[in-house]
Amino acid sequence: MPQTEHQILDLNGIQLSLYSAGPTQGPIVWLLHGFPECWYSWRHQISALSDAGFRVFAPEMRGYGASSAPQDPADYDLITLCGDIQTAMDLLGHTQVAMIGHDWGAPIAWHLALLEPERVKVVGALSVPFGGRPKKPAIGMIRELYQDRFHYMLYFQKAGLAEAEMAEDIPRTMRVMMHGMSGTAGGSTLVQDKPADARWLDDRIDPGVPPQWCSPEAFQVYVETFERSGFHGPVNWYRNFERNWELTEPLAGKQIEQPALFIIGDADPVGELESYTIKKMPNVVPRVEQHVIASCGHWIQCEKPEAINQLLLEFLNREFAPKVTP
């Protein structure tokens, strides 16, 4: 990791914790993390991109770490989350950026590309594709399909349950989720063959150590992030499907016209859940290039950092800042 700078921005009624690295005059790249992650999950990319001459910004998203974590689920709708990054860019004077997201950070990146077509010059997403605004909220379709079978998104809808369970033993929670969606250890935690009203992680095996790709030092950063902020904020992101659908009505039918990059691991459970979306993505993101990383699970930028860094740098140097020099 290069030396990073840290600042707290006051915006939209919250404080946003923001890390940055790289030459101050370099082309700007934003890296948006997902769940259950933190800014540090981009450590390998921060190093590679800043070394290549890019100016990198990695926020702790609303609800995480040193950023504010409001209690009301309505404070975590998609447009509000995009607004945090938009206002941060306003405060920092950013007029041209590359926007890259992983997991929940990916929908934020995709929608920022729709909302900010002049400022977001290129967009990239890891693990989560974009298929346009659905005909109805996704959570309704999930309820229809999983009435009698456990689905983590339905479990997350029940106020207080998921966040309390995850907080009971934060190191165990992190180990179980990391292993459960890694490319080297099967057993996805997302959809499970058990009653719909069961608890999420009780029956999962705790390996006792983090996956090989997560050093003890990095693991401690994750644990301390959630010891500080808890899990209610991140889980509240999942409680806005209907609200997100309503608020994005003006974006219905719009295409993402910027150059776009999508990368997913071949062992990522999201690939199976979102297989239809991945196939239809070129219809709504006509300039997307897609890559599948072999022997890789969901934590793609940490499991296969060299491959991800190479694809990101090739894409950014070609489509965003072809003349960048360290």
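Visitor: In which loop is Pro36 found?
Guide: In this predicted model, Pro36 is found in the loop between β3 (28-32) and α1 (43-51).

Visitor: What kind of peptide bond joins Phe35 and Pro36?
Guide: The angle to read is omega. Here omega is about -5°, and the bond joining Phe35 and Pro36 is cis.

Visitor: Which residues line the largest cavity?
Guide: A cavity is a space where a 1.4 Å probe fits but cannot get out. Pro36 is one of the residues lining the largest cavity, and the others are Glu37, Met174, Met178, Trp213, Tyr222, Trp299 and Cys302.

Visitor: How many cavities of 30 Å³ or more does the count give, and how much space lies in the largest cavity?
Guide: The count comes to 1 cavity of 30 Å³ or more. About 50 Å³ of space lies in the largest cavity.

Visitor: Are Cys214 and Cys302 buried or exposed?
Guide: Buried means under 20% relative accessible area. Cys214 has a relative accessible area of 4%, so Cys214 is buried. Cys302 counts as buried because its relative accessibility is 3%.

Visitor: How many aromatic pairs does a search of the whole structure find?
Guide: The search finds 18 aromatic pairs.

Visitor: Why is the pair of Tyr64 and Phe226 edge-to-face?
Guide: The reading takes two values, the distance between ring centres and the angle between planes. Planes over 60 degrees apart count as edge-to-face. The centres of the Tyr64 and Phe226 rings are 5.9 Å apart and their planes stand at 70°, so this pair is edge-to-face.

Visitor: Which parts of the chain does the pair link?
Guide: Tyr64 is in the loop between β4 (55-60) and α2 (78-92), while Phe226 is in helix α8 (residues 216-229). The two residues are 162 residues apart, and the pair links distant parts of the chain. Both Tyr64 and Phe226 are buried.

Visitor: What are the values for the pair of Trp104 and Tyr238?
Guide: Trp104 and Tyr238 are 5.4 Å centre to centre with 90° between the planes, and this pair is edge-to-face. Trp104 lies in the loop between β5 (97-102) and α3 (105-115), and Tyr238 in the loop between α9 (232-236) and α10 (241-247), so the pair ties together parts 134 residues apart in sequence. Trp104 counts as buried because its relative accessibility is 11%. Tyr238 has a relative accessible area of 3% and is buried.

Visitor: Which residues form one aromatic cluster?
Guide: Among them are Phe35, Tyr64, Trp104, Phe226 and Tyr238.

Visitor: Over which rings do the charged ends of Arg133 and Lys194 sit?
Guide: The charged end of Arg133 sits over the ring of Trp245, 4.1 Å from the ring centre. For Lys194, the ring is that of Phe150, and the charged end is 4.8 Å from its centre.

Visitor: What is phi of Asp103, and what is phi of Ser295?
Guide: Phi of Asp103 is near 55°, a positive value in a residue other than glycine. Asp103 lies in the loop between β5 and α3, and its relative accessible area of 10% makes it buried. Phi of Ser295 is near 55°, also a positive value in a residue other than glycine. Ser295 is found in the loop between β10 (288-293) and α13 (300-303).

Visitor: Where does Ile8 lie, and where is Ala98 found?
Guide: Ile8 lies in strand β1 (residues 5-11). Its relative accessible area is 35%, and Ile8 is partly exposed. The C-alpha atoms of Ile8 and Ser67 are separated by 7.9 Å, with the two residues 59 residues apart along the chain. Ala98 is found in strand β5 and is buried, with a relative accessible area of 0%.

Notes:
Residues numbered from 1 in each chain as written. Predicted model: local features only at pLDDT ≥ 70, side-chain atom pairs only at ≥ 80, totals over all residues. Heavy atoms only, no water. Phe/Tyr/Trp six-rings, centres within 6.5 Å; stacked < 30°, edge-to-face > 60°. Helix = DSSP H or I, 4+ residues; strand = E, 2+ residues; numbered from the N terminus. Buried < 20%, exposed > 50% of the residue type's maximum accessible area, 1.4 Å probe, protein only. Lys NZ or Arg CZ within 6 Å of the ring centre and 35° of its normal. 1 Å grid on protein atoms, 1.4 Å probe; cavity = no way out; pocket = protein on both sides within 12 Å on 5 of 7 lines; lining within 4 Å. Points joined across faces, edges and corners; volume = space filled by probe spheres on them.
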